[in-house]
Amino acid sequence: MNYPFTSEDFKSEPYWWDRTERSETGDNSLPTRTDVLVIGSGYTGLHCALLTASAGRQTTVIDAEAAGWGCSTRNGGQISGEIKPGYDELSRRYGNAGAYALVKEARNALDWLGEYVAEQDIDCDYRQCGRFTGAHSPRQFRKLVASTRQQPPGLEQDLRVVTARDQAGEIDSEYYYGGLVNDRHCSLDPLKYHSGLLKLALKSGSQVISYCEATRVEKTSDGFKVSTNRGAIHARDLVVATNGYTGSVTPWQRRRIIPIGSYMLATEPMDLLRANQLMPGQRVFGDTRKVVVYFRRSPDGRSLLFGGRVSVFESDPVKSLPALRREMLRIFPQLEDVKISHTWMGFVGYTFDRLPHMGKQDGAYYAMGYCGSGICLASYMGNRLGLQLLGKAEGNCAFSDPAFHTRSLYSGKPWLLGASVRYFQLRDRLS
Ligand SMILES: Cc1cc2nc3c(=O)[nH]c(=O)nc-3n(C[C@H](O)[C@H](O)[C@H](O)COP(=O)(O)OP(=O)(O)OC[C@H]3O[C@@H](n4cnc5c(N)ncnc54)[C@H](O)[C@@H]3O)c2cc1C
């Protein structure tokens, strides 16, 4: 389906997939036995596999689709190292020390990722670009200003207030009433990052098998038997790294993950002068609305990559494209004449407490529930999970502590989501 506003070469797949060819995964035959079996080949699964294979454990990673097909090659490439609940909310739940540990660990994950990409020399357009968070109302602007003065002890960050009068230096939009800049936040090309990890995982000796779906997990006397569409495999250790795509094969995790569709579009390339005027820097952008939008320029600076949660039940990004484009035009009405070249979507893994979780359930390791901040959290927690599996103390992680709860009657289908998204949309409009 094409629209008057889509380009001639319009594609309903991620912009990133057009930019970089996927790496080969090599030998694709499923062994009958392995030391460590990882289900899911995104950032979580690969980071975990890298560690276990490097430590000499025979490691097999399987994915129901092409390696990296999930969120890890279709995200917006914005890296924050922040978790969704704020310090005050976390303090009420876990006390000051618990809140501090969680916020600090997420921030450490951001530093860790930057160091990892540099050390491993992964070519993925990693950039410490900073983030501009726009206030969608004067009240929200006052809240942003207050947040710079009320930072918890030991967790202070350099945050710079930008008034509406000065914001043209950040963004050419009258939609916002000023905003806040956090210079620590970063960006990358998610597929290039994933390809770099895939190469490292293969080099470490991991086997990565695409189009191999786990269909049944059974416990055995010495580990697990996992049935797949390509035969059965026995594993001493099992790692569940399926995040927003967690299915019925791991029902305990499925009951704890709320898959929420996130939709993106890319504009066709603009001339650089125009793109520079729109967003003079290369920052990543978000705003204060509860129903989030996020956007940035592509690494070559010419396209706008715009994402948001525009549809609740629709999972066809082409059908949701007009609504997503309307959101973009609310912020940038001057882009009415710019054609859309790509649209796509993926399922973000949310949790009921809006925190990521990792641990061991029925003998199987898992890390998931990054609530849309998975580039650094999935990478970091995949790495910590690998360390835990190897019995190393460095694998200790604050996100292992909070209990991973579900809700009664929830089986993995978010039937209440529609009502809650509409509630938050209404609140955004009222505020
Ligand atoms: C549109 C969009 C934009 C986003 N933007 C950002 C962003 O800007 N910044 C950020 O930090 N995060 C963002 N995210 C979230 C981020 O991409 C994810 O949190 C992260 O990639 C999760 O990585 P993962 O390895 O845990 O899961 P995934 O990369 O989703 O991998 C899970 C894999 O498990 C496989 N799988 C599932 N079930 C089975 C089975 N039974 N057998 C075999 N394989 C199976 C799936 O095929 C999938 O490939 C975004 C997500 C989306 C969808």
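1. Sorted by class, the residues in the shell around the ligand come to 19 nonpolar, 21 polar and 4 charged. Bear in mind that this is a predicted model. The shell holds 44 residues, and the closest to the ligand are Gly 42, Gly 70, Gly 76, Gly 346 and Gly 374. Elements that supply two or more residues to the shell are helix H2 (43–54), strand S4 (78–79), strand S13 (258–267), strand S17 (340–350) and helix H9 (374–389).

2. Have a look at H9 next. This helix is mostly covered, with 15 of its 16 residues buried. Just after H9 comes Gly 391, which has a positive phi of about 75 degrees.

3. Cys 371 sits between strand S19 (364–368) and H9, and its phi is near 50 degrees, a positive value in a residue other than glycine. Most residues other than glycine have a negative phi. Is Cys 371 buried or exposed? Cys 371 has 20 other C-beta atoms within 10 Å, and 20 or more is the cut-off, so Cys 371 counts as buried.

4. S19 itself is largely enclosed by the rest of the structure, because 5 of its 5 residues are buried. In a regular strand the side chains alternate between the two faces of the sheet. Here both faces are covered: Tyr 365 and Ala 367 are buried on one side, and Ala 364, Tyr 366 and Met 368 are buried on the other.

5. Which strands pair with S19? S18 and S19 make a hairpin with 2 residues between them, and Asp 362 in the turn has a positive phi of about 50 degrees. S12 pairs with S19 in the parallel sense over 2 bridges, and Val 240 stands opposite Tyr 366.

6. Follow the chain on from S12 and you get to Asn 243, in the loop between strand S12 (231–240) and helix H6 (251–254). Asn 243 is not a glycine, yet its phi is positive, at about 35 degrees. With 30 other C-beta atoms within 10 Å, Asn 243 is buried.

7. One more set of strands to check. Strand S7 (residues 179–182) pairs with strand S5 (residues 131–134) in the antiparallel sense over 4 bridges. Strand S6 (residues 159–162) also pairs with S7 in the antiparallel sense over 4 bridges. Gly 179 in S7 is the bridge partner of Gly 134, and Val 162 stands opposite Gly 179 too.

Methods
Residues are numbered from 1 along each chain as its sequence is written. This is a predicted model: local features need pLDDT of at least 70, side-chain atom pairs count only at pLDDT 80 or more; totals for chains, interfaces and linings use all residues. A residue is near a molecule or strand if its C-beta atom, placed from the backbone, lies within 6 Å of it. Ala, Val, Leu, Ile, Met, Phe, Trp, Tyr, Cys and Pro count as nonpolar, Asp, Glu, Lys and Arg as charged, and the others, Gly among them, as polar. Two strands pair if DSSP finds at least two bridges between them. A residue is buried if 20 or more other C-beta atoms lie within 10 Å of its own, exposed if 12 or fewer, and partly exposed in between; C-beta atoms are placed from the backbone.
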